[in-house]
Amino acid sequence: MENQKNARSGSRKILWGVIALIAAAAVLLGIYFAFAPKGSAGEKTITVDVVMLDGSETTTTITTGEEYLRGALEQENMIAGDESEYGLFVTTVNGVTADDSKEQWWCFTKGGESLATGVDSTPIADGDAFEITLTEGY
């Protein structure tokens, strides 16, 4: 009899723990969506510098109504890649595909600072300047 009471008590503790965990996750998710970067509506003009391994650069000026970087870059057919649960993993920029066997990857920066978000969730505003640099070595 005592063992059954202890088993029920333990099950309740586990149940309340799971409920508390779900509630905490819901609160954190709500905070994320409340404070996540948001794109601005309306037409805007941005510049994108693509820097190759040899240091050569190509600058593209994009006028767009898109709110996020991915949409603006796809509008100009500048990027391609692989979809993942985190969004687009960019493997190709301006027709140049990073060579994974050489540890190459595309580094996205804004004003020289690394982006904290992927292309799917990087908001753009009028006058923004982005850099996409082919980088070698992990």
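Buried means under 20% relative accessible area, exposed over 50%, and partly exposed in between, with a 1.4 Å probe and protein chains only. The model is predicted, so local features need pLDDT of at least 70 and side-chain atom pairs count only at pLDDT 80 or more, while totals for chains, interfaces and linings use all residues. Residues are numbered from 1 along each chain as its sequence is written, and side-chain values use heavy atoms, with hydrogens and water left out.

**Exercise 1. Classify Arg70 and Glu83 by accessibility, and describe the salt bridge between their side chains.**

Step 1. Arg70 has 16% relative accessibility and therefore counts as buried.

Step 2. Glu83 has 53% relative accessibility and therefore counts as exposed.

Step 3. A salt bridge requires a side-chain nitrogen of Lys or Arg within 4 Å of a carboxyl oxygen of Asp or Glu. The side chains of Glu83 and Arg70 meet in one, at 2.3 Å from N to O.

Step 4. This pair links distant parts of the chain: Arg70 is in helix α2 (residues 69-75) and Glu83 in strand β3, 13 residues apart. Helices (H or I, at least four residues) and strands (E, at least two) are DSSP runs numbered from the N terminus.

**Exercise 2. Describe the salt bridge between Arg70 and Asp120, and state which parts of the chain it ties together.**

Step 1. The N to O distance for Arg70 and Asp120 is 2.6 Å.

Step 2. Arg70 belongs to helix α2 and Asp120 to the loop between β7 and β8, so the bridge ties together parts that are 50 residues apart in sequence.

Step 3. Asp120 is partly exposed, because its relative accessibility is 27%.

**Exercise 3. Give the strand order and edge strands of the two open sheets.**

Step 1. Two strands pair if DSSP finds at least two bridges between them.

Step 2. Five strands form an open sheet with mixed pairing, in the order β2-β1-β8-β6-β7. Its edge strands, each pairing on one side only, are β2 (57-64) and β7 (113-114).

Step 3. Within this order, β6 and β8 (residues 129-136) pair in the antiparallel sense over seven bridges. Gln104 stands opposite Glu136 in β8.

Step 4. Three strands form an open antiparallel sheet in the order β3-β4-β5. Here the edge strands are β3 (79-84) and β5 (96-97), each pairing on one side only.

Step 5. Two bridges join β4 and β5 in the antiparallel sense, and Val93 stands opposite Val96 in β5.
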